[in-house]
Amino acid sequence: MFSSVNDECSICENPLNEIDDLITTNCNHTFHRACAQERFDKKKRTDCHFCHKESALGDALGEKSKGENVS
């Protein structure tokens, strides 16, 4: 079950799907990883796009990356 109110990525406004690469912030909002990464890369924004909690997207992207680098 996704945590966003309407099961849409509030960054791109497209539906969230179980097969998508998703991240969930510590404020419990879910986004497409690519959308969050683009927000971070292009706008240098790390706050949650939904509730604006400081560093939430940056923290979620960092946690996802750490999990992928584990051998």
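Modeller: Contact here means heavy atoms within 4.5 Å. By that criterion, the buried residues of H1 pack against S1, strand S2 (30-32) and H2. The model is a predicted one.

Colleague: Which residues of H1 are buried, and what makes them so?

Modeller: They are Arg33, Cys35, Ala36 and Arg39. A residue is called buried when its relative accessible area is under 20%, so each of these four falls below that cut-off.

Colleague: What is the order of helices and strands along the chain?

Modeller: The chain has two helices and two strands, and along the sequence they run β-β-α-α. Of its 71 residues, 31% count as buried. Among contacts with a separation of 6 or more, 35% are between residues 24 or more positions apart.

Colleague: Which residues make the contact of H1 with H2?

Modeller: H1 contributes Arg33, Ala36, Gln37, Arg39 and Phe40, while H2 contributes Leu57, Leu61, Lys64, Ser65 and Glu68. By type they divide into four nonpolar, two polar and four charged.

Colleague: What makes a set of residues a nonpolar core, and which residues touch the most other members of the largest one?

Modeller: Members must be buried, of a nonpolar type such as Ala, Leu, Ile, Phe or Cys, and joined through side-chain atoms within 4.5 Å. The largest core has 13 residues, and Cys9, Ile23, Phe31, Ala36, Cys48 and Leu57 touch the most other members. Strand S1 (22-24), H1 and H2 each supply at least two residues. H2 gives the most, with four. In soluble globular proteins, nonpolar side chains tend to be buried together.

Colleague: What is Ile23 in contact with, leaving aside its neighbours within four places in sequence?

Modeller: Ile23 is in contact with His29, Thr30, Phe31, Arg33, Ala36, Leu57, Ala60, Leu61 and Lys64. Two of those residues, Ala36 and Leu57, are also among the core residues that touch the most other members.

Colleague: Where is Lys44, and is it buried or exposed?

Modeller: Lys44 sits in the loop between H1 and H2, just after H1. Its relative accessible area is 64%. Exposed means over 50%, so Lys44 is exposed. Its phi is near 55°, a positive value in a residue other than glycine.

Colleague: Why is Ser55 called partly exposed?

Modeller: Its relative accessible area is 27%. Buried is under 20% and exposed is over 50%, so Ser55 falls in between. Ser55 also lies in the loop between H1 and H2, and its phi is near 70°, a positive value in a residue other than glycine.

Colleague: How do you know that Gly58 is partly exposed, and where is it found?

Modeller: Gly58 has a relative accessible area of 24%. Gly58 is found in helix H2.

Colleague: How far apart are Gly58 and Asp47, in sequence and in space?

Modeller: Gly58 and Asp47 are 11 residues apart in sequence and, C-alpha to C-alpha, 7.0 Å apart in space.

Definitions and conventions. Residues are numbered from 1 along each chain as its sequence is written. This is a predicted model: local features need pLDDT of at least 70, side-chain atom pairs count only at pLDDT 80 or more; totals for chains, interfaces and linings use all residues. Side-chain values use heavy atoms; hydrogens and water are left out. Ala, Val, Leu, Ile, Met, Phe, Trp, Tyr, Cys and Pro count as nonpolar, Asp, Glu, Lys and Arg as charged, and the others, Gly among them, as polar. Buried means under 20% relative accessible area, exposed over 50%, partly exposed in between (1.4 Å probe, protein chains only).
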